[in-house]
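Me: I've got a new structure open and I'd like to learn how to read it. Could you walk me through some features one by one?

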Amino acid sequence: KASQKLTDSQRDLNVETAKRRAELESLKLIAEDTTKTETERIVAARGAMELETTLMAKRVANAEEAVRLKAEEMAMSENMAEDLDALAQLEIDLHNIKAESTTKQIELNNKINSIEKERTARIAQERKDELDAKKAEQEAREKEIEEVEKFNEELFKAEEERVKKEQEIAKKAAAEKIVLEQAVAQSKIDTSLAALGASGRSSSS
């Protein structure tokens, strides 16, 4: 009988839901756990979504079957107000289950999208950090080269200045030597002339 089959199906579903609830909550906890990798969290969230969707599909199917059976029962007999109320309640239950299913699917889908955005943002940040590090390294290397070139240039200028000063000192020393040699030579000439003069005066007397 269809009604008995529905009763059995609902009983089995209640047992399955109870068994799956702990697994579902465990998956949701992993999806929320920021210490896990984004991949682990996405896999958990998708697993939870798949499990929730499967259970909800069975609940919707049972609720739809309950509405169908009640409608068939009412079609074969006169309907009392209680029958209409019962059918209305079954239809309300069906719509509530569908709404709950949609809400939970949206919630889990949003969680998956959120984690994927986190992963995209993290990867983008890591790339930026890597590029910034490379840029900083390149700038440091260029600065080091610039400092070495500046040091070499200053060293060259200092050496050039040293050589220039040495040349000036040598030039000055050479000039002073020439002046000294000229003075010595002139002194010798003056001495010789004086000696000659004295010798001539001595002969004439």
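Me: Let's start with Lys70: is Lys70 buried or exposed?

Reply: Buried means under 20% relative accessible area, exposed means over 50%, and partly exposed is in between (1.4 Å probe, protein chains only). Lys70 comes out as buried, with a relative accessible area of 12%. Bear in mind that this is a predicted model, where local features need pLDDT of at least 70 and side-chain atom pairs count only at pLDDT 80 or more, while totals for chains, interfaces and linings use all residues. Residues are numbered from 1 along each chain as its sequence is written, and side-chain values use heavy atoms, with hydrogens and water left out.

Me: Which residue does Lys70 form a salt bridge with?

Reply: The general idea is that side chains of opposite charge can pair when their charged atoms come close. The cut-off here: a side-chain nitrogen of Lys or Arg within 4 Å of a carboxyl oxygen of Asp or Glu. Lys70 pairs this way with Glu73, and their closest N and O atoms are 3.4 Å apart. Both residues sit in helix α2, three residues apart, about one turn of the helix. Glu73 is partly exposed, at 42% relative accessible area.

Me: You said "helix α2". How are the helices picked out and numbered?

Reply: Helices (H or I, at least four residues) and strands (E, at least two) are DSSP runs, numbered from the N terminus. Here α1 covers 2–32 and α2 covers 38–75, while α3 covers 81–204.

Me: Which residue pairs with Arg20 in a salt bridge?

Reply: That's Glu23, with the closest N and O atoms 3.1 Å apart. Arg20 and Glu23 are both in helix α1, three residues apart, again about one turn of the helix. Arg20 is partly exposed at 32%, and Glu23 is partly exposed too, at 38%.

Me: What about Glu118 and Arg41: which helices do they lie in?

Reply: Glu118 and Arg41 form a salt bridge whose closest N and O atoms are 2.8 Å apart. Glu118 belongs to helix α3 and Arg41 to helix α2, so this pair ties together parts that are 77 residues apart in sequence. Glu118 is partly exposed at 34%, whereas Arg41 is buried at 3%.

Me: How many salt bridges are there in the whole structure?

Reply: A search of the whole structure turns up 22. Some residues are linked in a network of salt bridges: Lys28, Glu52, Arg59, Glu100 and Lys104.

Me: Next, the empty spaces. What is the difference between a pocket and a cavity?

Reply: Rolling a probe the size of a water molecule over the atoms shows where empty space is left. On a 1 Å grid over the protein atoms alone, a cavity is a set of points where a 1.4 Å probe fits but cannot get out, and a pocket is an open set with protein on both sides within 12 Å along at least five of seven lines; lining residues have an atom within 4 Å of a point. The largest pocket holds about 170 Å³ of space. Lys70 and Glu73 turn up again in its lining, together with Lys1, Ala2, Ser3, Leu6, Thr7, Ala66, Leu69 and Leu90. Helices α1 and α2 are the elements that give two or more residues to that lining.

Me: And what lines the largest cavity?

Reply: Thr17, Arg21, Glu52, Leu55, Met56, Arg59 and Lys104 do. There is one cavity of 30 Å³ or more in the structure, and the largest cavity has about 30 Å³ of space. The largest share of its lining, four residues, comes from α2.

Me: Last one: which residues make up the largest nonpolar core?

Reply: In soluble globular proteins, nonpolar side chains tend to be buried together. A nonpolar core here is a set of buried Ala, Val, Leu, Ile, Met, Phe, Trp, Tyr and Cys residues joined through side-chain atoms within 4.5 Å. The largest has eight residues: Met56, Val60, Ala63, Val67, Met74, Leu87, Leu94 and Ile97. Helices α2 and α3 each give two or more residues to this core, and the largest share, five residues, comes from α2. A second, separate core of six residues includes Leu27, Ala44, Leu51 and Leu108.

Definitions and conventions
Grid points are joined across faces, edges and corners, and a volume is the space filled by probe spheres set on the points.
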